[in-house]
Amino acid sequence: MRRRRFIGGLVGAGAGLGLVSASGGTAGAAGAGRPALAGEPHEWQAVPTPEGTPAAQVRDVAAADAGLAWAVGEEGRSGSALGTPLALAWDGGSWTRTGLGHLGFRGHLHSVAGTGAASAWAIGTDTAGATRLLAWDGQTWRERSFPGQGQAGTSLTGVTVDSAGDAWFSGRGAGGSVLLHRDGQGGWRWLPAPPSATTVTPSGVQLSPGGDVWVYGVGIVARWDGSAWTELPGYQGIRAYFTGLLPVADDDLWLVGFDYGVGGPPGKPPGVLLLHGDGSTWNSATSPFTVGMLNGIVADAQGRPDRIAGCDFWDQTRAHYLRWDGTAWVSERGPVSTTPVVMNSLAAVPGSDGGYWAAGTTSSSPYPPAQVRIER
């Protein structure tokens, strides 16, 4: 539901961070493990994926249930030279490529959400910087138009879908709007601008357990309750990026991301951002690691904090997840790999068995031979 990219592309395409470079292609593994029992930590396993054109990465992943999930990103990128959109679909047994040649554009897909075969959306950006909106037809992705498409300053950054089939898109519209709604009957509407009429564009959108819609990003955290906006103090990092918001309640919010700080030498790694909000202030929370990135946060079936996906700068041979133990965030590691593991997204799998998908790439820089990395 939010933008994703290689670490090295965050401060300028191809800049890199002097991190470990990839040494191979797709990481092979034996498929998904059994679901964990209640209260038991999950055992993460790598899941085979189709090989993409290097450099390949997944920027976002979403799941409707145990038998249907989507992963979107980019392949064929080389530094600042963008590649072509990449899409994968999970059918309950394997990940397969979804042909996108009919879309006819170069660029990438960076956000995906869906609740079923007839209710899924993906957002991309082409080489001209224009937003491309896609809808899932049960077999592949088809392009759809949206209000304001093609107008200067109009863009979409993230998407979430509710159980009724309504879709909510963060972005920027005319008059300072930051939230676009498509109802289940196909009607579109840009919501009124927040009271501050901020010029900040949110990076993502999330639904609360009560059905409120939150938009978030650097300088903006705001809640739409169906009739009015409530704005919270926005975090103002120098070079910060927010990749996920978990609204447990109006006075219990988690915000994750990373921050490059103020300048620094070439290749300086980012520091993790893990903030806990009470509705009026944000406080830094303790993370098991502090140098790297946090890329996505999910709730458990009761809407409580659950898992965060991350990349630990000091140990990139495996993903570094955070698990909420009821009082603090504790480490939970993925399987060791022969390549770097950079997870860009995390999704909980709805259903009685639960589980998670995490997706990303095998390099810290947007260059070949990077390949898609997915863990479950």
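A polar contact here is a pair of N or O atoms within 3.5 Å; within protein, one must be able to donate a hydrogen and the other to accept it, and residues adjacent in sequence count only if both atoms are side-chain atoms. The model is predicted, so local features need pLDDT of at least 70 and side-chain atom pairs count only at pLDDT 80 or more, while totals for chains, interfaces and linings use all residues. Residues are numbered from 1 along each chain as its sequence is written, and side-chain values use heavy atoms, with hydrogens and water left out.

Let's start with T362, in the loop between β26 (356-361) and β27 (372-375); strands (E, at least two residues) are DSSP runs numbered from the N terminus. A polar atom of the T362 side chain lies 2.9 Å from the backbone nitrogen of Q371. T362 has a relative accessible area of 0%, so it counts as buried (under 20% relative accessible area, 1.4 Å probe, protein chains only).

Now turn to strand β7, residues 131-136, where 6 of 6 residues are buried. On one side you will find T131, L133 and A135, and on the other R132, L134 and W136; both faces are covered.

What runs alongside β7? Strand β6 (residues 119-126) is antiparallel to β7, joined by 5 bridges; strands pair if DSSP finds at least two bridges between them. In this pairing, I123 stands opposite L133. The hairpin of β6 and β7 has 4 residues between the strands, and G129 takes a positive phi near 85° there.

Strand β8 (residues 141-144) also runs antiparallel to β7, with 4 bridges joining them. Here W136 stands opposite W141. The hairpin of β7 and β8 has 4 residues between its strands, with G138 at a positive phi near 100°.

How values were computed: Buried means under 20% relative accessible area, exposed over 50%, partly exposed in between (1.4 Å probe, protein chains only).
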